[in-house]
Amino acid sequence: MKNDRLLRALRREPVDCTPVWLMRQAGRYLPEYRATRARAGSFLAMAKTPELACEVTLQPLARFPLDAAILFSDILTIPDAMGLGLYFVDGEGPKFERTVRTAADVDRLSVPDMETSLRYVMDAVRLIRRELDGSVPLIGFSGSPWTLACYMVEGGGSDNFARIKALALNDPATLHRLLAVNTDAVVAYLSAQRAAGAQVLQVFDTWGGVLSPAMYREFSLPYLVRIARELERGDGVARTPLILFGKGNAPYLDALAASGCEGLGVDWTVSLEDAALRTQGRVALQGNLDPATLYASPAAISEQVRLVLDSYQAGNGGSREGHVFNLGHGLSPDMSPGHVAALVDAVHIHSAR
């Protein structure tokens, strides 16, 4: 592979500079993405057409010297393939035609077949790998069991997660059955992406941070641990690294680091120095620039990048190894491509060994 910085960093091996990729690096902030989306007619049409998914996956790599590509898809492909009927409402985000709120609803769910109902994802992975031609690694991903359950129970996004929290309190056994089938599906889905060519795998626990500590340890953490332990990833340098990312996961870094994952993505509400001290070199760390930094000037962005890099180094015994630079969450549609370029360049310049 021409650029294996990401894979080396996730193995905590020396690299010439810290690798960087960005959550939602293929997105609406890029005019070329907006043009492809207009041609496709909808977000879902783009995600479900492998050629278009490949096209938008590669767009940020043509602009910026990023160290990885991430599959263009959506975290809600699994519940859609389970028959819940995913659709998007402008300004409101994802919705489901059918929700999962009772034991009978859970009984109707099963793990989808990865090469039939989710074949479009695997075809996209295969196509992107071919087009990348070994230039940088390809990251595949899934939503976490808890985060998928949030959308399945609520029927879409939520301000207070009232329905799923009520289910957790009133009928925890039913919620655990839902989380168990979701976990089986996530393991199968990531395994299929790996077989199709994904070289790194990430789980997005976007809504783990809305839970109280006791509820997180009951309804999110055990299922992330199950994924880390059950997902077959190979051995040695051929092992496919798994990154667990969660918004609001700072209180649980110690437990997550013990899960068996290779990398932990952290948001910007914890310093990387603190995260590194608490995880003690057991995992690589990914993050964690506040995305809002990209609204600042290029000079300010460069300074904040340096502070993030130095924070990790301070907590990691003076070494920069084992760090993947990223934002603490995804890019927003109104961000400047020029400011993204400034960020990527600053990472490589400030972290050069």
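## Largest pocket

The lining of the largest pocket divides into 19 nonpolar, 12 polar and 6 charged residues. The model is a predicted one. In it, the largest pocket holds about 1,200 Å³ of space. Its lining counts 37 residues. Nearest the centre lie Arg24, Arg28, Phe43, Asp74 and Phe88.

Three elements each supply at least two residues of this lining: helix H2 (31-40), strand S2 (86-89) and strand S3 (93-96).

## Largest cavity

The count comes to 1 cavity of 30 Å³ or more. The space in the largest cavity is about 30 Å³. Asp205, Tyr216, Leu224, Leu244, Phe245, Gly246, Asn249 and Leu256 line the largest cavity.

Strand S6 (residues 242-246) gives the largest share of that lining, with 3 residues. By class, the cavity lining has 5 nonpolar, 2 polar and 1 charged.

## H10 against H12

Helix H10 spans residues 172-196, and helix H12 spans residues 221-230. They pack at an angle of about 30°. Their axes are 10 Å apart. Angles under 35 degrees count as roughly parallel, so H10 and H12 are roughly parallel to each other. H10 passes H12 in a right-handed crossing.

On the H10 side, the contact uses His176, Leu179, Ala180, Thr183, Asp184, Val186, Val187 and Leu190. On the H12 side, it uses Tyr223, Arg226, Ile227 and Glu230. The residues of this contact divide into 7 nonpolar, 2 polar and 3 charged.

## H8 against H10

Helix H8 (residues 145-154) also packs on H10. The angle is about 120°, and the axes are 9 Å apart. That angle makes H8 oblique to H10. The crossing of H8 and H10 is right-handed.

H8 brings Pro145, Trp146, Leu148, Ala149, Met152 and Val153 to the contact. H10 answers with Leu175, Leu178, Leu179, Asn182, Thr183 and Val186. By class, this contact has 10 nonpolar and 2 polar residues, with no charged residues.

Note on methods:
Residues are numbered from 1 along each chain as its sequence is written. This is a predicted model: local features need pLDDT of at least 70, side-chain atom pairs count only at pLDDT 80 or more; totals for chains, interfaces and linings use all residues. Side-chain values use heavy atoms; hydrogens and water are left out. Axes are lines fitted to C-alpha atoms, for helices over the stretch in contact, and angles run from 0 to 180 degrees between N-to-C directions. Helices (H or I, at least four residues) and strands (E, at least two) are DSSP runs, numbered from the N terminus. Angles under 35 degrees count as roughly parallel, over 145 as roughly antiparallel, 65 to 115 as roughly perpendicular and the rest as oblique. A crossing is left-handed if the near helix is turned anticlockwise from the far one by less than a right angle, and right-handed if clockwise. Contact means heavy atoms within 4.5 Å. Ala, Val, Leu, Ile, Met, Phe, Trp, Tyr, Cys and Pro count as nonpolar, Asp, Glu, Lys and Arg as charged, and the others, Gly among them, as polar. On a 1 Å grid over the protein atoms alone, a cavity is a set of points where a 1.4 Å probe fits but cannot get out, and a pocket is an open set with protein on both sides within 12 Å along at least five of seven lines; lining residues have an atom within 4 Å of a point. Grid points are joined across faces, edges and corners, and a volume is the space filled by probe spheres set on the points.
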